[in-house]
Amino acid sequence: MNNLIRILGVLSFAVAAVAQTPAPVFNVHAYGAKGDGVTLDSPAINAAIEAAAKGGGGTVYFPAGNYLSFSIHLKSHVAIYLDAGCTVIAAEPPADLSAGYDAPEDNSATEQYEDFGHAHWHNSLIWGEGLEDISITGPGRIFGRGLSRGANRRDLLPQERILPGARQPDVSLPSATREKIAAIKPGPFGYPGKDTLPAGVGNKAIALKNCHNVIFRDFTIQHGGHFGILATGVDNWTCDNLKIDTNRDGIDFDCCQNVRVVNCTVNSPYDDGICPKASFALGYPRPTENVTITNCQVSGYDEGTLLDGTRQRKVEYGRGVSQGPTGRIKLGTEANGGFHNITISNCVFEYCRGLALEEVDGGRMEDIAISNLTMRDIVNAPIYVRLGGRLRGPEPIDQGAARRIKISNVVAHHVAQQAGILILGVPGLPVEDLSLSNIYIDYVGGGTADEAKREVPDDEKARKEYPEPTRHGTMPAWGMFARHIKNFEVSDVEFRVDGEELRPTVQLEDVAGVEFRSVKFPHTEKTTAFVLKNVSGLAIHNSAGLPETNRPDKIVDEKL
């Protein structure tokens with residue numbers, strides 16, 4: 001018995017000693033990195049990562065410093081730690097492209113269905129493919145200074161864009177390269193297109209493909225190129241407490257499952273902020289599912305002014321820049337695999353586009369719960385649900401579905417005039433089982449009587465267009481326009497308008513089974529609350545100024 005007690009005591013001590021042994025740390029300086037912002041440190045950084053991987057794993061440590069780099073290769077079981085004061089800087093490729101980022105891998109089987117950025121991963125500042133148990137953490141920064149957003153060797157920095165009359169730096173591709181790209185014959189969907197880039201040019205700050213068990217936490221991305229983060233086929237991924245202030249997309253996760261995006265702040269004036277997708281980039285449709293997006297903020301302030309704390313709005317949109325700041329949370333556009341079991345909660349939108357749920361490529365968008373959103377200064381539809389027929393993918397491809405979608409507890413202030421809540425299905429394939437509850441929206445107003453008469457196109461061409469609220473034009477109703485819906489419930493919803501409005505509040509077309517309960521819509525002698533076209537099963541209850549209504553019959557064309 002005494003021998004047994006002694007043996008157990010020795011084993012306990014050994015286990016405790018192992019538990020207290022720190023994981024190996026591989027300081028990039030020990031492998032030759034200078035961190036001086038001048039020396040190209042990527043060979044040393046990759047040597048440190050390789051050493052950690054060969055040793056079975058560990059942490060690659062970046063002390064304070066400025067690490068100029070081309071492509072950095074992640075490895076399984078290796079953690080990257082960016083300490084305070086550390087900035088990893090994307091180097092600018094030389095004009096002749098004699099050096100630069102890793103070449104984009106061959107993806108000819110799928111690149112005819114996706115733009116160049118979505119279809120390649122290796123041409124990035126930091127990338128990994130087929131990995132497990134990896135992380136990038138720490139309070140440091142990733143600066144995509146030398147990255148392209150899809151045209152030149154690199155994108156201009158904000159200070160280079162806004163100096164009137166200033167001579168712009170030459171960041172163009174070699175003329176022979178431009179001619180070669182222009183000569184590429186695109187496929188049936190227009191890809192590969194003009195955003196194709198040659199070997200040596202990088203266009204993403206971080207890219208992952210077919211990885212699992214991933215943690216991104218606490219770091220900052222500045223000016224991240226086409227994508228701050230592009231994750232495709234990545235499962236069991238936690239993305240926590242990131243700050244991203246960038247020149248195109250912030251966080252895109254495509255064909256990913258079991259994802260948590262929490263406590264992140266994304267400023268992306270020229271493209272989407274947080275954007276789940278389900279494209280054909282992997283060569284087969286794979287759903288994005290089991291996703292939580294919570295406690296996040298998205299915006300479209302001038303690039304760089306989130307990180308410097310000024311949150312400026314000086315860029316003039318509509319002059320070759322874009323149709324206003326983007327910066328939103330959006331499901332889609334790419335949606336071959338569909339979206340299943342998604343929840344979005346406790347998120348803030350400011351000076352950007354509204355929430356967008358888009359299923360246009362044959363997948364199923366279903367079981368979506370969205371709650372507790374606040375929005376201010378929204379430049380297009382505050383809520384946009386689109387089931388369309390673009391169907392970009394290899395044949396045969398069937399029309400998709402959008403169903404079981406619940407949106408609640410939304411407050412939106414100062415929403416643009418063009419469109420209110422916008423919900424569009426497809427003839428014969430409606431958006432199903434949609435509910436809007438506890439929603440308050442105030443609009444700018446300014447709609448005219450002529451705009452109220454407008455017929456919104458509903459032909460095949462309109463359904464195949466890129467899904468964006470602005471593409472539908474100014475709506476004939478200012479609060480809500482809804483078409484092709486089955487089982488639609490609207491409760492505890494209030495719309496207000498600041499300026500004069502000569503359009504009706506709500507227009508419904510081809511809607512079966514719709515109930516409005518406890519809604520508050522303004523009434524004037526010049527306008528009407530509802531325009532109804534081909535509506536059946538209409539009920540209106542407990543709504544001030546509106547008649548109690550229970551109409552199981554079909555309403556072909558009527559105003560209330």
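In the predicted model, N542 counts as exposed, with a relative accessibility of 57%, a value that passes the 50% limit above which a residue is called exposed. N542 is found in the loop that runs between strand β33 (530-541) and strand β34 (549-559). The backbone of N542 has a phi near 50 degrees, which is a positive value in a residue other than glycine. A second residue with a positive phi is D510, where the angle is near 55 degrees and the residue is again not a glycine. D510 lies within a strand, β32, which covers residues 506-517, and at 29% relative accessibility D510 counts as partly exposed. These angles deserve mention because most residues other than glycine have a negative phi.

Cis peptide bonds form a further part of the backbone description. One joins Y191 and P192, with omega at about -5 degrees, and P192 is found in the loop between helix α4 (175-182) and strand β11 (204-209). Another cis peptide bond joins E395 and P396, where omega is likewise about -5 degrees; P396 is found in the loop that separates β27 (383-387) from β28 (401-415).

When residues up to four places away in sequence are not counted, P94 touches A99 and R153.

C255 is in no disulfide, and the cysteine sulfur nearest to that of C255 belongs to C256, at a distance of 7.1 Å. C256 is in no disulfide either, its nearest cysteine sulfur being that of C255, 7.1 Å away. The pair is not counted as a disulfide because 7.1 Å lies beyond the 2.5 Å cut-off. As for accessibility, C255 counts as buried because its relative accessibility is 0%, and C256 counts as buried at 0% relative accessibility, where the limit for a buried residue is under 20%.

Note on methods: Residues numbered from 1 in each chain as written. Predicted model: local features only at pLDDT ≥ 70, side-chain atom pairs only at ≥ 80, totals over all residues. Heavy atoms only, no water. Buried < 20%, exposed > 50% of the residue type's maximum accessible area, 1.4 Å probe, protein only. Contact = heavy atoms within 4.5 Å. Helix = DSSP H or I, 4+ residues; strand = E, 2+ residues; numbered from the N terminus.
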